[in-house]
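Please read it alongside the sequence and the coordinates.

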Amino acid sequence: MPSRKELIVVIVVMFMALAGSYSCKNRLDALSKTEKFKELLYVPKGETLKIMTFGFDAPVADYFWVEGKLYYSDNIRAIQMRHSRKARYRYLHLLHDIITDLQPRFGNAYHEGAIYLFSTGREDLTEQGIALLEKGVAAYDKAEADGVPIIPDARWRMYVYMASAYEGRLYDPVKATEYYEKAVKCKDCPANIVFAYAGYKKLLAQGLGLQARYDAMIATWSEL
């Protein structure tokens, strides 16, 4: 049981954190719509933030998780505002990188962060989404090597997401095939993914173009 002195220190730290959060909120609320996209310039990197949280990294990761969803929706609405296409989503990868630095076992942060990045339709952000998923695979690998595997094992899903990015936006069938093969080799990979990949390989061997392969894959998924 913590001593009275330790409890006082914890209470003081939490009070300071709440005061700082309230002050930041007031400042952010005062920002104009244009300035609002600059606020993340002042967020420390995940490794630094982890030290600053005094062991409260999980709730801080949850906070940034919510902020990430809000930031993504704000950027979607910014399409009707005077923001350049290049400026939108600038900190989307940074936010999810921070979250996964704080909580490497936070599987949804890798999955949904990558989906957000892929959905922008930009090649540079698609590559950032792949980097985020690779980071997720590495976290699962490390947890398994340390004897504390992350359950459920979603590495197959990460590989499928990466394969789909290379099949579509980045259009690299060799890379797509490489990641699909990694997915189906995962012990928890669902049978329907294995079946779909077999169809994909058959279409690829026939030399069909992207649109034909896409239509065939959609038909396969519909049947499943």
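How many helices and how many strands does the secondary structure of the chain come to? The secondary structure comes to ten helices and zero strands, where helices (H or I, at least four residues) and strands (E, at least two) are DSSP runs numbered from the N terminus. Read along the sequence, the pattern is therefore written α-α-α-α-α-α-α-α-α-α.

This is a predicted model, in which local features need pLDDT of at least 70 and side-chain atom pairs count only at pLDDT 80 or more, while totals for chains, interfaces and linings use all residues. Residues are numbered from 1 along each chain as its sequence is written, and side-chain values use heavy atoms, with hydrogens and water left out.

Of the 224 residues of the chain, 38% count as buried; buried means under 20% relative accessible area, exposed over 50%, and partly exposed in between, with a 1.4 Å probe and protein chains only. Among contacts (heavy atoms within 4.5 Å) with a separation of 6 or more, residues 24 or more positions apart account for 61%.

**Helix packing**

Two packed helices are described by the angle between their axes and the distance between the axes. The axes of helix 4 (residues 92–102) and helix 6 (residues 123–145) come within 10 Å and cross at roughly 5°; axes are lines fitted to C-alpha atoms, for helices over the stretch in contact, and angles run from 0 to 180 degrees between N-to-C directions. Helix 4 and helix 6 are therefore roughly parallel to each other, a term that applies to angles under 35 degrees. On the helix 4 side, His93, His96, Asp97, Thr100 and Asp101 meet Gln128, Leu132 and Lys135 of helix 6. By class, this contact of helix 4 with helix 6 has one nonpolar, four polar and three charged residues, with Ala, Val, Leu, Ile, Met, Phe, Trp, Tyr, Cys and Pro counted as nonpolar, Asp, Glu, Lys and Arg as charged, and the others, Gly among them, as polar.

**Salt bridges**

Side chains of opposite charge can pair when their charged atoms come close. A search of the whole structure finds ten salt bridges, each being a side-chain nitrogen of Lys or Arg within 4 Å of a carboxyl oxygen of Asp or Glu. The table includes three of them.

| Salt bridge | Closest N and O atoms |
|---|---|
| Lysine 69 and glutamate 112 | 2.8 Å |
| Arginine 155 and glutamate 144 | 3.0 Å |

Lysine 69 in helix 3 (residues 57–77) and glutamate 112 in helix 5 (residues 107–119) are 43 residues apart, and their pair links distant parts of the chain. Lysine 69 is partly exposed at 32% relative accessibility, and glutamate 112 is partly exposed at 25%.

Arginine 155 is buried, at 10%, as is aspartate 153, at 13%, whereas glutamate 144 is partly exposed, at 41%. Asp141, Glu144, Asp153 and Arg155 are linked in a network of salt bridges.

**Helix 7**

Helix 7 has 13 residues and reaches 18 Å from its first C-alpha to its last, close to the 18 Å expected at 1.5 Å a residue, the expected span being 1.5 Å times one less than the number of residues. Ten of the 13 residues of helix 7 are buried, so this helix is largely enclosed by the rest of the structure. The buried residues include Arg155, Trp156, Tyr159 and Glu167.

How values were computed
Angles under 35 degrees count as roughly parallel, over 145 as roughly antiparallel, 65 to 115 as roughly perpendicular and the rest as oblique.
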